[in-house]
Amino acid sequence: MTGLIPLSDEDEAQVRALVEATWQTRKGAVLDRLDTLAQAARAAVDEQLDEPQRRHAEREAHRLAGSLGTFGRQRASQLAREAETLLTTMPAGASAPSRLAAIVADIRVLLVDDVTGSDATDGHPLLHVRHADPWAGTRIAEVAMSRGMRTRVSADTPEAGPGSIPRVAVVDLDLPGALELLRRLASEDPAVPTVALVGVHHGLRRRLAASEAGATTILPAESTAEQILVAVDAALGRSEPVDGHVVAVLDTSVVQDEVRGALEPAGLTVEVISDARELEQALEATKVADVLLIGSDLPELAASDLCRAVRSDPRWAALPIALLVPEVTHAVTRAAALAGADGVVAQPLDVIELRARTVGFIRRSQSLRALAETDRLTGLANRRKLDAELDRFVALADRLGQPLTLALIDLDRFKRVNDRYGHITGDLVLRRVAALLRDRFRGEDLVARWGGEELAIATFGMPRPASVRRITEALDELRDQRFDGPEGQSFKVTFSAGVAEYPEDATDLASLYQAADAALYRAKDTGRDRVAAAGAAPANATPGLFDVAIIEDDDILADLLRRSLDEQGLTHTTITDGHRAIRRLTGPGRQRARVVLLDIDLPGSDGLEVLDRLAADAVLEETRVIMLTARAGDTDVIDTLSRGAFDHVPKPFSVPVLLQRVLGALAA
Amino acid sequence: MTVRRVLLIDDDDDIREIAEITLTAVAGWEVLTAASGEEGIELAAAEQPDAILLDVMMPGLDGPGTLTRLRAGPDTCGIPVVLLTAKAQTSDRHRLNGLGAQGLLTKPFDPLQLPAQLAAAVGWEE
């Protein structure tokens, strides 16, 4: 209906070649444009970037992002977009210019090394979106592209015939011919997985029809593009080799080879045990056994007895078990069923049957397990999964003499985020923090949502300092991130964490939880926004975070303040003028202080201006400002407090009194 | 298939060239280009294209400004306009939707997709 004939593969290749040829002629001009950015970056590093040059560079970055992406240079396009954002917010903190310079260098490397041609086509699965509503279709395509897929959108169901076959497709059932299209895609070899969108008004009958036509997944038409892409990812995954671990108790090498030969080509790992007595150990050591196969001809123990023994242990109650039997008779299947087996497979083994059964078990149990063990908001493991894994880790630690750690993490003042910005924003924050932590840990570590705004991380074979370091890195990264409220307000989030190690800090799981919890509370009590280790001395201040920043141009007074802070064991830094204070305390990469003592009379920018800038940059979310006012006039005081200062102290002041105010602010 | 005439208004030569190539090669349409809003308005009035693809962010007269003038001109008020923007944020969309454009495409775009997306946005059916 768009009046466009779908391109054949050949035509598509031709147009792409044309685009590529254009790129080659344009490349020189693009590199020149990059020079403008490089000059701006240099100027920014030297603090010489003036407004016209900044605007010019911002504009060039914007254009680069658009044209590089259109030429299929997605990575370079993303970098240019990042440069644009940096330039838009410039000058913002000390690290921005060097980051900008690094980005420009990266883009140059990408473009100069760019000999292989477009990076947009190879290895990126092709998604077809057939949607009656072009706006909705385009939206889905955008999200898909941002996830590295190539997409084709149309508001049309193409006739059967040549044209490239997608790896996966989204089909809107409101399109005429949609069912026929689903059927066609399902009959391709290999079948193309499909996500069908069915409006609520269509009712169950239409869903059934879609399912009969071979739709892999059926979603309500009202689903968001993000939800649809989750289903697309899952549908793609389902067409791929299954990833699972099979434990097989088999005593003869012939059967062992047969089982391996049937399952390993399907992508499964097979762990063979020839002695039934080793089974418990094997099941415990495996992270997840997906299927247990038990052979028939075990000495000393009948297959059904072994099956019963495994099944009666609550840890393996849900494990799919199949028995390999010499002959499938009524008596055999009954004995197997009574012993708790999920199925029997006859010997000699039929390779196809064994593979199909095993893969079927695995898909079912994996999807059930994923549902039962996943926290729906964050996608992390839930508490139930955490408890199960910790049990397993403790058993492993006892046997192998390796440490395990448990970290409890609590978002700081999270209730305030929910109250101020709403629960949708709060949920988003939780998801981002969850992803940040997940990225910092290994695949075998478990990052879980413990409940509410608390997360937990269990690691095995990683000592406490390593776990503390990873969490601290995540916290550093979080501090540099900004979150947006529903009305565009910008805010920041931190967390506190406590880390304990077994057996160093605890004798069992319960006391391990207690030790981690106690460390978490210590982190909270000493000012939040930090990671505390169990048993260690109170956590030292995080690098780059001071208890107090003194912004004062009077040397003698500053010195006096420093000494009294030293006596209290508080860390501090001194800044002697307003401009420098703004530069150091705002923007990404800024230095942080829990309390700022701010002189109202400063060279450069005065105290009120500094205060305004701290407020504008959301620094006051985490920092309390005590203004040192020269005059005790009401206007100065009201002015100061209304602009967001925590407290004010008129000059001249007594140092002990000021110190009390500082301690009060630190404790608040 | 009808031969369509599309006017592309974008200050970026790369985008103009690539869009021209694909609209011509993939769809077989005739393409006119303008590098600024002012030039585009003049060309639109004189040439009466079937659709206008209009960049949002341009120096001088920007996309929304150009669109407002196109809508106010007696010769150009009936020509469908599709905006081309780098910013796909929802807030931006809401603002741009209110301007009376037929659709919104985002940069960077896949060159091969451009004709189909433009046709879908304008609602061209054969």
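Which residue just after α5(B) takes a positive phi? I looked, and B:G123 does, at about 85°. I took helices as DSSP runs of H or I with at least four residues and strands as runs of E with at least two, numbered from the N terminus.

**Ground rules.** I am working with a predicted model, where local features need pLDDT of at least 70, side-chain atom pairs count only at pLDDT 80 or more, and totals for chains, interfaces and linings use all residues. Residues are numbered from 1 along each chain as its sequence is written, chains are lettered from A and ligands numbered from 1 in the order in which they are written, and side-chain values use heavy atoms, with hydrogens and water left out.

**Confidence.** I noted ipTM 0.71 and pTM 0.37 for the model. Chain B has a mean pLDDT (the predictor's confidence in each residue, from 0 to 100) of 85, with 90% of its residues at 70 or more.

**The interface.** I found 41 residues of chain B and 35 residues of chain A in the contact, meaning heavy atoms within 4.5 Å. About 3300 Å² is buried between the two chains, 60% of it on carbon and sulfur atoms; this is the accessible area (1.4 Å probe) that two parts lose on being put together, summed over both. On the chain B side, B:D14, B:P108 and B:L112 lose the most area to chain A, together 19% of what that side buries.

I then checked charges across the interface and got five salt bridges, each a side-chain nitrogen of Lys or Arg within 4 Å of a carboxyl oxygen of Asp or Glu. One residue from the area list returns here: B:D14 meets A:R33 in a salt bridge at 3.6 Å, N to O. α1(B) gives the most to the side of chain B that touches chain A, with eight residues.

**Inside chain A.** I followed A:R63 to A:E60, a salt bridge at 4.0 Å, N to O. The two are three residues apart in helix α2 (residues 51-70), so about one helical turn separates them. A:R63 is buried at a relative accessible area of 15%, and A:E60 is buried at 9%; buried means under 20%, exposed over 50%, partly exposed in between (1.4 Å probe, protein chains only).

I repeated this in helix α17 of chain A: A:R479 and A:D476 are three residues apart, with their closest N and O atoms 2.6 Å apart in a salt bridge. Here A:R479 is buried at 8%, while A:D476 is partly exposed at 32%.

**Last entry.** Salt bridges that share partners join A:R33, A:E60, A:R63, B:D12, B:D13, B:D14 and B:R16 into one network.
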